[in-house]
Each structure stands twice: as C-alpha cells, then as structure tokens.
Amino acid sequence: MSDELLVDVREHVMTITINRPEARNAMNMAVLAGLCRAWMRLRDDPDVWVAILTGAGDKAFCSGGDLKQFISQTVGRTEQIRRGEVQFDWGPDVDPTGLPPNATTFAVLRNVEIFKPIIGAVNGFCTAGGLEMLQGTDIRVASENATFGIFEPKWGLFPGGGSTANLVRQVPFSRAMELLITGRLMKADEALRCGLVSQVVPLPALMDAARSLAEDICSCGPLAVQAIKQSVQRGMRTTLAEHLKIEEDLSSRIFMTEDATEGLAAFREKRKPHWKLR
C-alpha cells in the first residue's frame, strides 16, 4: 500500500490516515485505491471491529479529490465511465488488481454496506469529497480548527459522492442545503450545533477522543454492534414497518448467539465479557 495512505491495526481498531498533508490530504488515485482496500478489509476481517479515519498533519482531514489526478478524469466522461466504456487511469504506482468496478465511490463510502463502526477524526479542512466521505462514517469528532464545506458548485461541479442523499438525512434540511448550494465553510462549533459532528475537542486531544470512542465500542459485543449498525443502515432506506421487521430479525438472531449468553454471564459474575463472535 502507498505511503500516502497509512493503515495501522491494533487491538481490533484500524486507524486509517490519509498522508498527503502537503496537498491538504486530497485523494489521488493511490489514496483512493488504498481507501477502497482498507474499507474492504474492515468489512471482511473478523479481527477488525472498528475503524478511525483521519488526515495527517494539523491543517486538513481531507480536501476532496485531487483535481489533477482524479477530478480531471471524470469531467466530460462520467456517462462513459458509468457504462463501463472507459476505465480510470490508476497510474504507474497503483496495481488495480482486486479493486471493484466502483472502487472510486467505494473509497468515499458512497452506498457501501459496512456494518462495523467508522469514526471520523476531523482535523482542519473537511471539504468536497472529504466531507462526502465523512458522511459515510458513524461518529465524528472534530478539532476546534475543523471546517466543513461542499465546494463543487463553486466550480460548476456536482457533489456526486452521496451528499445530496445523505446530508439532508443527517442534519436539518436548511443547514444541509446551505452547505450544498452556497459553497460556504461551516466552522466546528456550527457543525456541532447542527449535529454533523458529535464532539469538538482541542486539536491535541483529537486522536485520544477518537480512540476512547473506539475502545468503548470494542468493549461491547461485536456481533451486537454490527447488527445495530446493519439495522440502522438498511432500515433508513425503508418504511418504518419494514425497518421494524429488520430490527426484529436481527434482534432475534443476536439473542441466539453465544456472545449474548456470555454477556449475561459476565453481568451476573461482575466481570468483563470474553467475546467469541459467535
């Protein structure tokens, strides 16, 4: 994997760091390929229970797609790309073997089913595709210097990473539209007030706050956590009645697991549970 994307796994927590601080952690082709592979590992590796996504340095979480390497390949070619008539040029530094056809949208978590929690640790600029990717995370912690924005309309482009679908479901409608069609920046305290992020902390405390959340998640039953996220993620696309059916099915399945029995035993015996993932 390119050193422009760093992946570290310790004690069931995967920390993913976009490592292009000189470019405000913009996503070039190597970063997009690395993100796609990291998300697939999170989805498929039973030893990884939660992920933290952040950017290197103190200036930017992610400023979106690299204009030279990625955005320039999509302008004027989107219909051909959608039909599979042309492919992205991944460049000499990327081996595309094993990447799915939707690798570039998978990388930014657009319409992706991953039932393990993802924590966004936002340091500095979180704009364009960076903010679109953040909307695919579950819990977001921001540093006091964080700023958020959708810049695509300023340049006559469309935020095609899911923002027009996700943002209006995640924050109040008027605030979502303000972000989507003005191109203005939202500061961290505004993001906290409208619910785009759940915490704002001083920059030096950012990763500690994210890791604390990850540790809390890892102390819970992994199967239960993943089923909860699955119920939320799938249920949001359905009616209330269908969502309740999804919840009922998943709840029944979890109550039949060995981990559910272990959790009750640990409660009675006043000890920490030993999760078996079965």
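Helices (H or I, at least four residues) and strands (E, at least two) are DSSP runs, numbered from the N terminus. The model is predicted: local features need pLDDT of at least 70, side-chain atom pairs count only at pLDDT 80 or more, and totals for chains, interfaces and linings use all residues. Residues are numbered from 1 along each chain as its sequence is written, and side-chain values use heavy atoms, with hydrogens and water left out.

**Stop 1: the cavity**

On a 1 Å grid over the protein atoms alone, a cavity is a set of points where a 1.4 Å probe fits but cannot get out. A pocket is an open set with protein on both sides within 12 Å along at least five of seven lines. Lining residues have an atom within 4 Å of a point. Grid points are joined across faces, edges and corners, and a volume is the space filled by probe spheres set on the points.

The whole structure holds one cavity of 30 Å³ or more. The largest cavity has a volume of about 30 Å³. Select Trp49, Pro117, Ile217, Cys220, Gly221, Pro222, Val225 and Gln226 to show its lining. H10 supplies the largest share of that lining, three residues. By class, the lining has six nonpolar, two polar and no charged residues. Here Ala, Val, Leu, Ile, Met, Phe, Trp, Tyr, Cys and Pro count as nonpolar, Asp, Glu, Lys and Arg as charged, and the others, Gly among them, as polar.

**Stop 2: helix H9**

Select residues 206–219, helix H9. Its 14 residues reach 20 Å from first C-alpha to last, close to the 20 Å expected at 1.5 Å a residue. The expected span is 1.5 Å times one less than the number of residues. Buried residues (under 20% relative accessible area; exposed is over 50%, partly exposed in between; 1.4 Å probe, protein chains only) come next. In H9 they are Leu206, Met207, Ala209, Ala210, Leu213, Ala214, Ile217 and Cys218. They pack against strands S2 (13–18), S3 (50–55), S5 (118–122), S7 (139–143) and S10 (199–201), and against helix H10 (222–235).

**Stop 3: Asn123**

Move to the loop between S5 and strand S6 (125–127), where Asn123 sits. Asn123 counts as buried because its relative accessible area is 2%. Contact means heavy atoms within 4.5 Å. Leaving out residues up to four places away in sequence, Asn123 touches Thr54, Gly55, Ala56, Gly57, Asp58, Lys59, Ala60, Phe61, Ser143, Asn145, Leu203 and Leu206. A polar atom of the Asn123 side chain lies 2.8 Å from the backbone oxygen of Gly55.

**Stop 4: the second largest pocket**

The second largest pocket holds about 880 Å³ of space. It is lined by 30 residues; select Gln135, Asp138, Gln170, Gln233 and Met236, the closest to its centre. S7, helix H6 (163–170) and H10 each give two or more residues to the lining. The lining has 14 nonpolar, 10 polar and six charged residues.

**Stop 5: two positive phi angles**

Select His12, in the loop between strand S1 (5–10) and S2. Its phi is near 75°, a positive value in a residue other than glycine. His12 is partly exposed, at 25% relative accessible area.

Arg24 lies in the loop between S2 and helix H1 (29–44). Arg24 is not a glycine, yet its phi is positive, about 50°. At 43% relative accessibility, Arg24 is partly exposed.

**Stop 6: Ala241**

Finish in helix H11 (residues 240–255), which holds Ala241. Ala241 is exposed, with a relative accessible area of 58%. Its C-alpha lies 45 Å from that of Arg20, 221 residues apart along the chain.

Methods:
Polar contact = N/O pair within 3.5 Å; in protein donor to acceptor, adjacent residues only side chain to side chain.
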